[in-house]
Amino acid sequence: MSKIIVLMGAPGAGKGTQARLLRERLKLPQISTGDMLRALAAEDIHTTQASGMLISDEVVIEMVRARTAKEDCRNGYVLDGFPRTTAQAEMLEELAAQQGKSIEAIFVDVPYDVLEKRLTGRRTCPVCGEIYNIYFKPPRFDNRCDIHPDQVLNYRSDDAPEKIRVRLETYQKQTAPLLDYYQRTGRLHRVDGTRSPEEIYLDIEKLIGVEVAGA
Ligand SMILES: [Zn+2]
């Protein structure tokens with residue numbers, strides 16, 4: 001049976017890398033509701049977002065339904081940013097049943113202090129875009145790009161510690177009920193996200209079974 005992978009992980013957990021590997025190696029397309037919402041140029045959606053109102057669950061599930069009805073999703077797909085609530089998770093159960101697919105929730109688990117360092121330690125070269133981390137991948141010279149030593153590395157204001165803390169706490173608060181839900185329904189798989197992307201990927205591949213690549 002082909003699978004719907006619900007990929008979960010805090011900002012900085014490396015979820016994006018895993019989604020890319022799943023796409024490249026298992027040909028599972030990544031369905032990002034955030035991207036889809038942003039791509040909707042419709043003026044009413046735009047206004048709704050601008051005014052800070054939430055897009056209704058019905059609108060989002062219909063978007064997912066339409067997108068995943070396409071041929072490229074036949075052998076399964078990876079959901080990113082959806083479901084966000086248990087109500088959405090229940091809607092997804094229905095959709096999965098209709099599509100004849102099973103759901104596997106994968107949580108890329110990384111301790112809070114590691115996430116904090118990954119995010120607040122990030123520095124980028126303004127010329128080549130090379131990404132450094134002052135804790136995990138420091139440049140050879142203090143705050144200078146290895147390839148462009150005349151360049152001082154950039155620090156994004158989004159990566160300021162207080163902003164990062166708010167983002168991480170918001171994520172944890174939002175995700176806790178969803179983790180409970182998938183735990184209860186027996187669909188939750190935790191993978192240790194402190195290891196290398198390759199090791200994490202192999203775990204995920206094992207969990208979902210490689211038969212998703214078939215056909
Ligand atoms: Zn550089």
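How close do the axes of helix 4 and helix 5 come, and at what angle do they cross? I started there, keeping in mind that this is a predicted model, where local features need pLDDT of at least 70, side-chain atom pairs count only at pLDDT 80 or more, and totals for chains, interfaces and linings use all residues. Residues are numbered from 1 along each chain as its sequence is written, and side-chain values use heavy atoms, with hydrogens and water left out.

**Helix pair**

I found that the axes of helix 4 (residues 57-68) and helix 5 come within 11 Å and cross at roughly 30°. I noted the axes as lines fitted to C-alpha atoms, for helices over the stretch in contact, with angles from 0 to 180 degrees between N-to-C directions. Helices are DSSP runs of H or I with at least four residues, strands are E runs of at least two, and both are numbered from the N terminus. On the helix 4 side I listed Asp57, Glu58, Val60, Ile61, Val64, Arg65 and Thr68; on the helix 5 side, Ala87, Gln88, Met91, Leu92, Leu95, Gln98 and Gln99 make the contact (heavy atoms within 4.5 Å).

Next I picked Gln88, which sits in helix 5 (residues 86-99). Gln88 is buried at 6% relative accessibility (buried is under 20% relative accessible area, exposed over 50%, partly exposed in between, with a 1.4 Å probe and protein chains only). Skipping neighbours within four places in sequence, I see Gln88 touching Asp57, Val60, Phe82 and Pro83. Phe82 and Pro83 are themselves joined by a cis peptide bond, omega about -5°. Pro83 belongs to the loop between strand 3 (76-80) and helix 5.

**Zinc**

Which residues hold the zinc ion? I got Cys125 (SG), Cys128 (SG), Cys145 (SG) and His148 (ND1), at 2.1 to 2.3 Å. Donors here are N, O and S atoms within 2.8 Å of the metal (3.2 Å for Na, K and Ca), and water is not among the atoms, so sites may look incomplete. The spacing reads C-x2-C-x16-C-x2-H. Angles among the four donor atoms run from 103 to 115°, and the site is tetrahedral (four donors, all angles between 85 and 135 degrees). Cys145 is buried, at 0%.

**Positive phi**

I logged Lys27 and its phi of about 60°, positive although Lys27 is not a glycine. Lys27 is exposed at 62%.

How values were computed: Tetrahedral: all angles 85-135°; square planar, octahedral: opposite > 155°, others 65-115°.
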